[in-house]
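Here is a friendly tour of a structure, one topic at a time. Please have a look at it first, and then read on.

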Amino acid sequence: MSESTVQIALVLPDLLGTYGDFGNAVVLQKRMAWRGIKAEILPINYGQPVPDSCDIYVVGGGEDTAQTLAVKHLREHPGLQRAVTKNAVVLGVCAGIQIFGESFTRADNVTHPGMGLIDSTSHAGGSRAIGEVLAEPAGGLFSGVLSGFENHQGRTVLGPAARPLAHVKVGTGNDGSVEGAVQGRIVCTYLHGPVLPRNPQLADLLIEWATGTKVAPLDLPAVTAMRAERVRAAS
Amino acid sequence: MSRQEDRNHPRGARAAAGSIAGVNDSPARLPLRTAAAVKLGNLSSTLSQKMGLGAGGMIGGRVALKLDPQALNRLTQGRQVAVVTGTNGKTTSTMMLARAVGALGEVATNHSGANMPDGHVTALSKQPDAPYAVLECDEGYFPAVAGASNPSVAVILNLSRDQLDRVGEVRTIERSLRDAITKLRDCTIIANCDDVMVTSAAWNAARVVWVATGTGWHHDSASCPRCGNPIRWQGEHWHCTGCDLSRPHPNWITTDEAMITPEHRKIELRLTLPGKFNQANAVMAAAAAHALGVPVEEAVRRLRSVSNVSGRYRTIQRNGRSARLLLSKNPAGWSETLTVVKEANHPAVLVINAQEADGRDLSWLWDVPFERLQGRTVIASGERATDLAVRLTYAEVEHTIVPDPLKAIDQMPQGAVEVIANYTAFRDLNARAAADE
């Protein structure tokens, strides 16, 4: 972590910005700023090298061709992979969970190599999973139910080195039973919403990992009300 | 009817009649089944209106289509048809084009946003003698509607992310439009060449008129829809770095408050409707009207008069507040509308629903630059006001929450208020406001 400012890399928003996941970076930045922790968002667009010096990397969902182009870029400029070896915190959403794995296979049966950051493989499911999701965080990683909106064709199988992020109560997630993945300080999920505005406890967990300090709770009534509404709607 | 027969038969009829005369007797030529279906359909529309069940924009067509699945094909035979599609601006452009084509004769059109085949059948049934039809078409239905209605002109306005959970990703839509357009041989495509997705969809069209609209949403076209390689922008020009897709030379150009015709004449737009995107809609409509044979000055003179599009842009008076109603459905639309409301610093009521027709997923709220409203008086409203409130909180826009939009307007200071609502929120608000008047 740099001396004074937490750097949040927003990875390829031009390619992986289809589903509003930009919001995750905003939430991290604001939740730190409101607690007096300086933080800034560094968008890294296609064609730019990926720095390995950022503290948090946020990767979002995109369309298929964009996802293929993104993984090509991230393999050619392996700053994110180097950052992981230096203990950076990474959040990968939707396309993120697929490209971080060992490989992903599309509906056309073509298998693409992933970035090998988490022990998982992904493949196209029979139908598209669309709708509200509720899941119970695995292993007490954070408190409260995990809430989000999924919209994906992919299904993901975790290997032994990756743990699930949560156990599905409503929705599909990776396979109808578990949702997302955690390996070291990499957190992956299929959930949009985006996931961090929906789940401030997860946002704060990533912040605590990145800063190495415990943060005080933030009272945001709108967030509490919205979470309650979404949980009610999904149940 | 197969496509082949389709092409041979009514085309002949139409060629004989850029003439209106050959067209006017079309109802007499309707097969008995279609005629009966249309009658029953019209009856259901009337019943629906009388019983207060709806505006009757779709039910009639739904009944007619059930009774005669070929109704759309039969009802468009012998007419000159224009189909208008795209993510944003369909209703406005359709109204502008219908107004302009009115210079040539009676126009059947689906004004109320009932833009799927049942809405088309209803509109056509109500005006069986109209020699022209201008049909607003949901982009998902474009292949079916263009296939059935043999359009002379198809207008492709723009393509951007919209209701990803219902409509799907932009590239899927582009692909299906591209396939449909490639099959249309006797149709002039009016395409926005400042939109990469639209350009790709129209690239292989037999006949295409390119319009530079100057519209600005580029967030869905960083990579080429044809080959996946990056698109590179240089000012207004763009090209794919992997294949030959590039910005075509425009035939029509939108400039500030004016347009340049293919003959290099500059015509002032002087629209009643606000915003750059409506200038783009107007130039697209003028180019389409021109392709159908309307002199361009006449087209512009007529479309200028469009001021209220199914309640959009109209101002309602309530307890000393004059609230302008604006519809925005997706990030590109909201982005443009926030630009329109930027000039005057009026208080704003933002209304968000997430019903089926809106898309259930509100993640897109994070693509909208609500930060621009910092310092304004803002109320978050609608069925999903709390989701919006969270977005506004993180955008550091001070706000209160009033789920009922009419009550929200009443809580604003007296004077001008801007109300921006998404699809069902707008529809419901507009209906309630109309009932109060």
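**A pair of strands in chain A**

A135(A) has L146(A) of β8(A) as its bridge partner. This is a predicted model, in which local features need pLDDT of at least 70 and side-chain atom pairs count only at pLDDT 80 or more, while totals for chains, interfaces and linings use all residues. Residues are numbered from 1 along each chain as its sequence is written, and chains are lettered from A and ligands numbered from 1 in the order in which they are written.

- Strand β7 (residues 120-137) of chain A runs antiparallel to β8(A), and 12 bridges join them. Strands here are DSSP runs of E with at least two residues, helices are runs of H or I with at least four, and both are numbered from the N terminus. Two strands count as paired if DSSP finds at least two bridges between them.
- Strand β8 (residues 146-158) of chain A is largely enclosed by the rest of the structure, because 11 of its 13 residues are buried. Buried means that 20 or more other C-beta atoms, placed from the backbone, lie within 10 Å of the residue's own; 12 or fewer means exposed, and in between is partly exposed.

**Chain A as a whole**

- Chain A holds seven helices and 12 strands. Its radius of gyration is 16 Å, close to the 18 Å that the globule rule gives for 235 residues, so chain A is as compact as a globular protein of that length. The radius is taken over C-alpha atoms, and the rule is 2.2 Å times the number of residues to the power 0.38.
- The C-alpha trace of chain A spans about 50 × 45 × 30 Å along its principal axes.
- Of the 235 residues in chain A, 54% are buried.

**The six-stranded sheet**

- Six strands of chain A form an open sheet with mixed pairing, in the order β2-β1-β3-β4-β12-β11. At its edges are β2 (39-44) and β11 (181-183) of chain A, each pairing on one side only.
- Strand β1 (residues 6-11) of chain A pairs with β2(A) in the parallel sense over six bridges. Within this region, L10(A) has P43(A) of β2(A) as its bridge partner.
- In a regular strand the side chains alternate between the two faces of the sheet.
- Helix α1 (residues 22-33) of chain A lies across β1, β2, β3 (56-59) and β4 of chain A, at about 160° to β2(A). Axes are lines fitted to C-alpha atoms, for helices over the stretch in contact, and angles run from 0 to 180 degrees between N-to-C directions.
- Helix α6 (residues 200-211) of chain A lies across β1, β3, β4 and β12 (186-189) of chain A, at about 150° to β4(A).

- Look for A88(A) in the loop between α3 (79-85) and β4 (89-93) of chain A.
- A88(A) is buried, as 25 other C-beta atoms lie within 10 Å.
- Leaving aside neighbours within four places in sequence, A88(A) is in contact with C54(A), D55(A), I56(A), Y57(A), A83(A) and R185(A). Contact means that the C-beta atoms of two residues, placed from the backbone, lie within 7 Å.
- D52(A) is 36 residues from A88(A) in sequence and 8.7 Å away in space, C-alpha to C-alpha.

**Where chain B meets chain A**

- The contact takes 31 residues from chain A and 22 residues from chain B. Helix α15 (residues 385-394) of chain B gives the largest share of chain B's side, six residues.
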